[in-house]
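This briefing describes one protein chain for a reader who is new to structures. Please look at the sequence and the 3D view first, then read the points by topic.

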Amino acid sequence: MTTAELYTKGAQVWVHHTELVWQGAELTKDFKPGDKEMHLETEDDRETIVKKIKSDEDLPPLRNPDILVGQNDLTSLSYLHEPAVLYNLQVRFLQNNAIYTYCGIVLVAINPYEQLPLYGNEMVMAYTGQDMGQMDPHIYAVAEEAFRQMQRDEKNQSIIVSGESGAGKTVSAKYAMRYFATVGGSFPTDAKRREKPVHYREWRIRSGKDGVS
């Protein structure tokens, strides 16, 4: 089945919106390969749209099934494109109160611009010794993964914190360092960490510009 054959009556897609950037729409007629127009109806205001299709590049992005919306790992989505990513992050932030989402081994964070009760010692202990996939996405899960790899492989580890100004890079770096300090400080009395000594080498927490800002 070609991509164009997925655009049948009732298929849900994303279309551009001047204010919302993207909005949901539904096909009102089957679209066949070679057709020059696609008939759509927007989800919110039920506006009828006739979209010109000159090539496959003009096909609107398909929406993910509702059952996949809100996934804690973006790679679990059937369709991974800009509107799918933005909508999934929006649902997790507004409906699930979740500021963290995975994209494979990458952690995506939304700055809530307020203090959240997510970083106490009890949360540190909850993530200690856990694999990234066993717990909800969190900066502590990334820090734990780096800590464990340094412990196991005895090699330097880097956590790259990147983002635009005001995205929360400095705060994220501070929480990662807090995790290392807490776990490292409790290491001698932590039974989970006694199997192998940790050789503290160089920890580099930096942004894409070689500095946290």
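The expected span of a helix is 1.5 Å times one less than its number of residues. Helices (H or I, at least four residues) and strands (E, at least two) are DSSP runs, numbered from the N terminus. The model is predicted, so local features need pLDDT of at least 70 and side-chain atom pairs count only at pLDDT 80 or more, while totals for chains, interfaces and linings use all residues. Residues are numbered from 1 along each chain as its sequence is written, and side-chain values use heavy atoms, with hydrogens and water left out.

**The chain overall**

- The secondary structure comes to 4 helices and 8 strands.
- Along the sequence, these elements follow the pattern β-β-β-β-α-β-β-α-α-β-α-β.
- The chain has 213 residues, and 35% of them count as buried. Buried means under 20% relative accessible area, exposed means over 50%, and partly exposed lies in between (1.4 Å probe, protein chains only).
- Contact means heavy atoms within 4.5 Å. Of the contacts in the chain with a separation of 6 or more, 46% are between residues 24 or more positions apart.

**Helix α3**

- The 15 residues of α3 should span 21 Å at 1.5 Å a residue, and the end C-alpha atoms of α3 are 21 Å apart, which agrees.
- The buried residues in α3 are Ile139, Tyr140, Ala141, Val142, Ala143, Glu144, Ala146, Phe147, Met150 and Gln151.

**How α3 meets α4**

- Helix α3 covers residues 139–153 and helix α4 covers residues 169–185; they pack at an angle of about 50°, with their axes 9 Å apart. That makes α3 oblique to α4.
- Axes are lines fitted to C-alpha atoms, for helices over the stretch in contact, and angles run from 0 to 180 degrees between N-to-C directions.
- Angles under 35 degrees count as roughly parallel, over 145 as roughly antiparallel, 65 to 115 as roughly perpendicular, and the rest as oblique.
- The crossing of α3 and α4 is right-handed. A crossing is right-handed if the near helix is turned clockwise from the far one by less than a right angle, and left-handed if anticlockwise.
- On the α3 side, the contact is made by Ile139, Tyr140, Ala143, Glu144 and Phe147. On the α4 side, the contact residues include Tyr175, Ala176, Tyr179, Phe180 and Val183.
- By class, this contact of α3 with α4 has 9 nonpolar, 2 polar and 2 charged residues. Ala, Val, Leu, Ile, Met, Phe, Trp, Tyr, Cys and Pro count as nonpolar, Asp, Glu, Lys and Arg as charged, and the others, Gly among them, as polar.

**Positive phi in loops**

- Most residues other than glycine have a negative phi.
- Asn97 has a positive phi near 55°. Asn97 lies in the loop between α1 (82–94) and β5 (100–103), and is exposed, with a relative accessible area of 65%.
- Tyr113 is not a glycine, yet has a positive phi of about 55°. Tyr113 sits in the loop between β6 (106–109) and α2 (121–127) and is exposed at 65% relative accessible area.

**Pairs apart in sequence**

- Asp56 is in the loop between β4 (48–52) and α1, and is exposed, with a relative accessible area of 59%. Asp56 and Thr3 are 53 residues apart in sequence and 8.1 Å apart in space, C-alpha to C-alpha.
- Val106 is in strand β6 and counts as partly exposed at 48% relative accessibility. From Val106 to Val142 there are 36 residues in sequence and 8.5 Å in space, C-alpha to C-alpha.
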